[in-house]
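I opened my notebook to look up a few things in this structure. Come and read along with me.

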Amino acid sequence: MKRFLYVIPLVVLIVVGGFATRQLIQVSGGKSVNILPSVLINREVPPFELAPIQGRERGFGSKDLLGQVTIVNLFGSWCVACQAEHPFLVKIKEQGLVPIYGIDWREKKPDAGPKWLAKYGDPYTLIGDDPHSKAAIAFGVTGAPESFIVDKKGVIRYKQIGPINAEIWQSTLWPLIQELRKQ
Amino acid sequence: MIRTLTVALMLAVFAPFAVQAVEPDEILKDPVLEARAREVGKQLRCVVCQNQSIDDSHAELAGDMRILVRDRITAGDSNQKVIDYMVDRYGDYVLLDPPFKAETLVLWIGPAVIAGLGLLWVVMLFRRRKAADGHMELASGTQAAPLSDDERHRLDELLKEDNA
């Protein structure tokens, strides 16, 4: 009995340490950077309607996402990680893999977003201007970039926190998109 | 006197830091609605700064959340409806005071259980010590059994050895 008592702290340490290590491995393995799991997964895109950015005729709203599998990508010209992600989004657009809808988040100046897109390329089917985080909060976003995969019925099926890269695209996003298209 | 002065000085220096982050242009004209907005804002976590309410945080997202809270309250939503709107999007994480339910059971009960186990351990330790003390009293007391002849003989031997 006494010996058993001495083992308890060790067991607690192993259990807690095990969970911590598992989380670390998942995060570093790029498998689940979803540290804050979105409560919106498998729920409909919250209704929103955004004005166009400078130089575009149309903004976009939740209704535009219906009837097709889409990626909703949240970016900002101030966001360094978005810059890192951008070439990959442009590649997706060039290959015509899946339409990407952009939310231009929290620009200080109305021409900041358009200038940034002119410089780095514009992969977006439609772009909405979100200077006051209306859509960002509707999507439960905490930072940029974040991307959502939305199915034909307008239901959010996946949330990608941080930049999309080739590895995540191959292992997770592209297989999911293809599967959702069959439904 | 000096203590009073020190406290007054510290208040004068540090009090401004405790002031809320709500910007003057955000404040609603209707004081009743504004009071409700503050009530809601106090309960909502700034999701990019871990342990501040949106009313305390200067983060831009917190500012936008404050504005949204005011928009919804002005539009006629109840306080609970506004809070539910945020929980719908950010989960329980957005609440500074996490709700009591199955997923948060460990969070709420855990510390009490650990404290209870600790207390139990301390009580057991004291009991054991008391029992040990009891034995010693018995050994030195008059009620202890007298030495047998054999024991007395061995004791004499030992004492002799010591004196030699």
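How many Å separate the centres of domain 1 of chain A and domain 2 of chain A, taken over C-alpha atoms? I looked it up, and the two centres are 37 Å apart. Domain 1 covers residues 1-31 of chain A and domain 2 covers 33-182; such bounds come from an automatic or database domain assignment.

**Ground rules**

I noted that this is a predicted model, in which local features need pLDDT of at least 70, side-chain atom pairs count only at pLDDT 80 or more, and totals for chains, interfaces and linings use all residues. Residues are numbered from 1 along each chain as its sequence is written, while chains are lettered from A and ligands numbered from 1 in the order in which they are written.

**Confidence**

I wrote down the scores of the model, ipTM 0.77 and pTM 0.72. For chain B the average pLDDT (the predictor's confidence in each residue, from 0 to 100) is 84, and 87% of the residues score at least 70. Within chain B, helix H1 (residues 2-18) has the lowest confidence, with a mean of 68, and H3(B) has the highest, at 94. A reminder to myself: where pLDDT is low, the predicted coordinates should not be read in detail.

**Strand S4 of chain A**

Next I turned to strand S4(A), residues 100-105. Helices (H or I, at least four residues) and strands (E, at least two) are DSSP runs, numbered from the N terminus. I found six of the six residues of S4(A) buried. A residue is buried if 20 or more other C-beta atoms lie within 10 Å of its own, exposed if 12 or fewer, and partly exposed in between, with C-beta atoms placed from the backbone.

Which residues point one way from S4(A), and which the other way? I listed Ile100(A), Gly102(A) and Asp104(A) for one way, and Tyr101(A), Ile103(A) and Trp105(A) for the other. In a regular strand the side chains alternate between the two faces of the sheet.

Then I looked for the partners of S4(A). Two strands pair if DSSP finds at least two bridges between them. Strand S3 (residues 70-75) of chain A pairs with S4(A) in the parallel sense over five bridges, and Asn73(A) has Gly102(A) as its bridge partner in S4(A). From S3(A) the chain passes through helix H2 (residues 80-94) of chain A to S4(A), in a right-handed β-α-β crossover. Right-handed means that, with the strands pointing away from the viewer, the path from the first strand over the helix to the second runs clockwise.

Strand S5 (residues 124-130) of chain A also runs parallel to S4(A), joined to it by five bridges. Here the bridge partner of Ile100(A) in S5(A) is Tyr124(A). From S4(A) the chain goes through helix H3 (residues 112-120) of chain A to S5(A), and this β-α-β crossover is right-handed.

**A residue in H2**

I picked out Val90(A), which sits in helix H2 of chain A. Val90(A) counts as partly exposed, because it has 15 C-beta neighbours inside 10 Å. Leaving aside neighbours within four places in sequence, I found Val90(A) in contact with Gly121(A) and Pro123(A); contact means that the C-beta atoms, placed from the backbone, lie within 7 Å.

I spotted a positive phi of about 65° at Asn42(A), which is not a glycine. Asn42(A) is in the loop between helix H1 (2-28) and strand S1 (49-50) of chain A. Is Asn42(A) buried or exposed? Asn42(A) is exposed, with 11 other C-beta atoms within 10 Å.

Arg106(A) also has a positive phi, near 55°, and is a residue other than glycine. Arg106(A) lies in the loop between S4 and H3 of chain A, and is buried, with 22 other C-beta atoms within 10 Å.

I also noted a cis peptide bond from Ala144(A) to Pro145(A), with omega near -5°. Pro145(A) is in the loop between helix H4 (134-138) and strand S6 (146-150) of chain A.

Chain B has six helices and zero strands. Of its 164 residues, 15% count as buried.

Methods. Two residues are in contact if their C-beta atoms, placed from the backbone, lie within 7 Å.
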